[in-house]
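Reader: I would like to learn how to read pockets and aromatic pairs in a model. Please take them in turn.

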Amino acid sequence: MPHNLLQSLEFIDGEWEAEVSFPVLGENTLLVLEANELDGPSENQKEKLNWLYENIQTLITDIESAVFQYYQDQFEGYHQKLGKQASQLMPTLNAAKDVWNQVFEPGIYIAPDEDNEIHLEYECSFDEENGLRVIIIDGKISKVCL
């Protein structure tokens with residue numbers, strides 16, 4: 001993991017934050033590490049971030065599949081909520097790779113040491129208020145949720 005990921009962190013409202021360039025996720029990925037310590041992220045958080053940095057290339061296929069499955073599972077319910085804008089905000093998708101047109105602006109959230117979770121948080125066209133989150137536990141996708 002490049003050292004500049006940690007160097008760019010700023011302490012803001014109880015969290016270490018920075019916009020970073022992250023493999024696969026892109027140039028302006030928001031990185032948030034919840035702070036337990038004022039002198040920087042914990043070793044556990046650094047290890048989780050390093051693991052994600054080293055594994056995102058292979059994990060992205062599973063992330064894409066999980067997000068696409070979530071999209072398909074939520075499709076009917078969101079279409080009822082979205083009404084007239086449904087076909088624009090949540091169109092029918094034919095391939096998993098098309099989900100990235102509706103799910104965008106990834107962020108990384110790493111909680112304090114007491115859990116082993118990494119969260120990838122995304123904005124999405126069909127739920128601007130909540131977006132969605134991919135929860136990774138012990139190196140595997142646990143779930144996709146609001």
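Reader: How much space lies in the largest pocket?

Author: On a 1 Å grid over the protein atoms alone, a pocket is an open set of points where a 1.4 Å probe fits, with protein on both sides within 12 Å along at least five of seven lines. Here the largest pocket holds about 320 Å³, a volume being the space filled by probe spheres set on the points. This is a predicted model: local features need pLDDT of at least 70, side-chain atom pairs count only at pLDDT 80 or more, and totals for chains, interfaces and linings use all residues. Residues are numbered from 1 along each chain as its sequence is written, and side-chain values use heavy atoms, with hydrogens and water left out.

Reader: Which residues are closest to the centre of the largest pocket?

Author: Lining residues have an atom within 4 Å of a point. Of the 20 here, Glu105, Pro106, Gly107, Glu121 and Glu123 are closest to the centre.

Reader: How is a pair of aromatic rings described?

Author: By the distance of the centres and the angle of the planes. Rings of Phe, Tyr and Trp (its six-membered ring) pair if their centres lie within 6.5 Å; planes under 30 degrees apart count as stacked, over 60 as edge-to-face and the rest as tilted. The count comes to 6 aromatic pairs. Tyr71 and Phe75 form a tilted one, at 6.3 Å centre to centre and 50° between the planes.

Reader: Which residues form one aromatic cluster with Tyr71?

Author: Phe75, Tyr78 and Phe126 form one cluster with Tyr71.

Reader: Is Tyr71 buried or exposed?

Author: Buried means under 20% relative accessible area, exposed over 50%, partly exposed in between (1.4 Å probe, protein chains only). Tyr71 is buried because its relative accessibility is 0%, whereas Phe75, at 21%, is partly exposed.
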